[in-house]
Structures are given as structure tokens and as C-alpha cells.
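Subject: Structure for you to look at

Dear colleague,

I am handing over the structure below, together with some notes on what was found in it. Please read the notes with the structure open beside them.

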Amino acid sequence: MVAAAMLAMASACKTKIETVENEIIKEVPSYPDLQGQKADTLFCTRAEAQFYGAYSELVDRWYLMLYTGKSATYDLGTDTYSGDGQLVKLCLQTKISKGRKEDWGVMVQHYTEPDSYSELQIGQWEFGYDNEFDHPYYGKLWGSYGSYFVDLDKSSYEPLMFMEGDFNVAYDKAKNEYTVEGMLVDGTFTKRYFVFKGDFTQIEDYEFPGAPDTSLSKDITLTRAELPKLSIFDRGDQYRYENPPRYSNYRVFLSGNDVNFEMPYKSSPIKMEGEGPVMLLDLFVNPDANGKIPAGEYKIVKRLPNYGIDGADIWPFKVLEGYPHYYFTTLQGSWYFNLASSGYWQGDYGRVTDGNVFVSYQEGSDSPVIKAELKDCSNPSHKIIIDWK
């Protein structure tokens, strides 16, 4: 039985490793021994299925929301549920489907915990996590993602993120009945055993309150007069590809003088404040570059279908395609945008998807000459021309 297998799973102790800086690694205390802990049992009386969309060209995401209470509503603006009882929200990685009721069969299988937060595979569930980010139109947004538990009877809304366990989704054709059963451990080290039997209700597809990855309507040219400030952040072996590393990751910002950047640690997101235009070039350079952009031609690195990077492309003299869909607090890849004083974007912006960057130095000068002809993600694309000298 699934529950018995889960009891064995939950007794395991794991040690979490957290990187504070590239050079400093500390251990976070292990999970407590859960062997003798009795699981909270949740008999769920209704279930909703929601198509989340493709994780990559090979993997789809579906959500299953399992409720113990009679009613619950979801508010997209605050990303919260309200109602009575408890909610178990499961994010499933499935085969590619069209997101219709006829495709529910792709969810039928056993689901195990993933090895990491990225590169999710079919037959795995996604860890729960919170994320705050700046949206160009809506300002700061906070959302809960992946798989988690919420007690809707509590006065405060507190999603508890699942971090370990497995469950099963089965279908009895004779009874026309689905069974969802398993046990997951949340961030309070509480075992949550849950079971549901019945039919799903499909709700509308998830729609992020977003915008296209570009707002450019024409080609633009950026010069040093518009972007007088050069800021270089060495993030070292950001992608942990080799030891010793064969490259360093430089985040190069060309911006107005009123825009300021801060990176407390090499492993932390770059913070931005102020107001004005910004051109971000995400470069791979020689590991011994010592804070100076090496002269040469940097060719674009295209992202994989899951937005990751092929290890074979992590070499010096590459410029990284912009990461899509407005992950602003962990801004990655190459982008052009206009920072507003409120901390989010305004006006024209564009995600870089193609082109080359050329860096040179005039004799006797340590100031680089940066020229580029890049393309945004429009179809047909618009040019982002850099003439910085």
C-alpha cells in the first residue's frame, strides 16, 4: 500500500547543503527522525485538475487540488485560497498533452520526489516554493508554486511546502473513478497522508498575469551617451559546471548613471534600484579575466526547451540568451529594459534571443569598446544595436 511505503520513506534523515558564497559552504541540520511520528490523515472529498502548461517541449505540468472541505475559492491577484477544510496542492510532471479533460490519462502514474528544483522529469512532482518578483506592470508579486499544503480553517494563510515523499494517481475504468493516494512531508516535518476517490473537476488553465517578453515595436540603437555607466559582476562558476572552472560568468550592465546595482554574494541575485535604461549582457569569459571583459567576439548561447543551458555551450566567449517570462529577482541572460524608480520596469524592453557581441580596446585604454547587433524575441524580430565606446 502506498501509505506503508511512505512511512519507510519518511523515516530517512537527509542533510541539506546550502551555499552561502561560492567559497563558503555550510550544512543545514538534518531532518528529524520521523520514524515514530504518526501522519496527519486527510480524507479529501473533491478534486480539481488544472492544466499549467509545458515545463519544456517534453514535459507538461498539471495541478491537482485536493480539498477536505465543502468550498474553496482562489484569488489570482493575491495567489491565495479561502474556504474551509484543508488543501493539498500537487504539481505533476506529465507527458505532453493538450490540456483537456480527455487528457487526464497523462496524470495516471506513480510520482516520486525530484532530485533538484530544475530538470524535472515525467513522473515527478515539483517541490513547493515561494517566490517574490517584480512585474513590469503589476509591481511586486508574491506567489506559491509547486506542491504544498494549506489549512484553510486557520485565520492566517500559510502554505507549507512539500519537500519529500511520493504518491500515486490511478484510474478505475469500470467505476470511472480516480484515486489519488500518498504521503508527503512538509516544511514543518509533518507527514501528510492523503487520499481521494472520485472524479476530477477541470478548471480554467493557469494564466500568469504577465506580458510578452518584449515590447519593442522597432529597432533601437544604444550608445554610451544613453548608457554611460558600466557595471561588471563576476559570478564565478555560476552553473557549477567543472572544478576547476573553465569559465567565469560576467553580468555586464550598461546603464544610466541613476541606476545602481548590488550583489552581496556571488551566489545571490543582483539587486537594482534607481531609474533609467539598462542593457544586461550575460557573458561567459575566461576564468582569469580579473574583472576585465576579454576582447573578442561573443556568440549567442540558445537555451534548451526547458530554458536551461547545454553544458557544451558553457565556454568563454559566449553571450547567454535571455531567460523568459519575467523572473526579475533572479534575472538571467541578456535583456534590455527601463528600470522605474518604483523598482519595476516601464516603457520599452526586450529579451535577447540572437546575435553577437564584439569587445575591443583602444591602445592604452582599459575602457572596452562594445558593439553588438542583437535580436529580441519578436516575430519578426527587432534589432538591439549597441555602439558603446
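The notes below go from the chain as a whole to single residues and pairs.

First, the basis: this is a predicted model, in which local features need pLDDT of at least 70 and side-chain atom pairs count only at pLDDT 80 or more, while totals for chains, interfaces and linings use all residues. Residues are numbered from 1 along each chain as its sequence is written, and side-chain values use heavy atoms, with hydrogens and water left out.

The overall picture

The protein chain has one helix and 28 strands, where helices (H or I, at least four residues) and strands (E, at least two) are DSSP runs numbered from the N terminus. Of its 389 residues, 48% count as buried, a word that here stands for under 20% relative accessible area, with exposed meaning over 50% and partly exposed in between (1.4 Å probe, protein chains only). The accessible surface comes to about 18,800 Å², and carbon and sulfur atoms hold 49% of that surface; the areas come from the Shrake-Rupley method with a 1.4 Å probe, and for residues only the protein chains shown count as cover. Among contacts (heavy atoms within 4.5 Å) with a separation of 6 or more, 58% are between residues 24 or more positions apart.

Strand 4 and its partners

Strand 4 (residues 46-54) is largely enclosed by the rest of the structure, because seven of its nine residues are buried. Strand 4 runs antiparallel to strand 5 (residues 60-67), to which eight bridges join it, and two strands are said to pair if DSSP finds at least two bridges between them. A hairpin of five residues connects strand 4 to strand 5, and Ala54 has Asp60 in strand 5 as its bridge partner. Strand 4 is also joined to strand 16 (residues 200-202), this time in parallel and by three bridges, with Ala47 standing opposite Phe200 of strand 16.

Ala39

Ala39 is found in the loop between strand 2 (25-28) and strand 3 (40-44), and it counts as buried at 16% relative accessibility. Leaving aside neighbours within four places in sequence, Ala39 is in contact with Met183, Lys191 and Tyr193. Met183 is 144 residues from Ala39 along the chain, yet their C-alpha atoms are separated by 8.2 Å.

Cysteines and salt bridges

The structure holds zero disulfides, a disulfide being a pair of cysteine sulfur atoms within 2.5 Å. Cys44 counts as buried at 7% relative accessibility, as does Cys91 at 0%.

How many salt bridges does the structure hold? There are 11, each being a side-chain nitrogen of Lys or Arg within 4 Å of a carboxyl oxygen of Asp or Glu. One of them joins Lys292 to Asp366, with the closest N and O atoms 3.8 Å apart. That pair links distant parts of the chain, since Lys292 lies in the loop between strand 22 (276-285) and strand 23 (296-301) and Asp366 in the loop between strand 26 (350-361) and strand 27 (368-376), 74 residues apart. Lys292 is partly exposed at 37% relative accessibility, whereas Asp366 is exposed at 64%.

Another salt bridge is formed by Arg351 and Glu321, whose closest N and O atoms are 3.2 Å apart. Arg351 lies in strand 26 and Glu321 in the loop between strand 24 (318-320) and strand 25 (335-339), so this pair ties together parts that are 30 residues apart in sequence. Arg351 is buried at 11% relative accessibility, and Glu321 is buried at 8%.

With best regards
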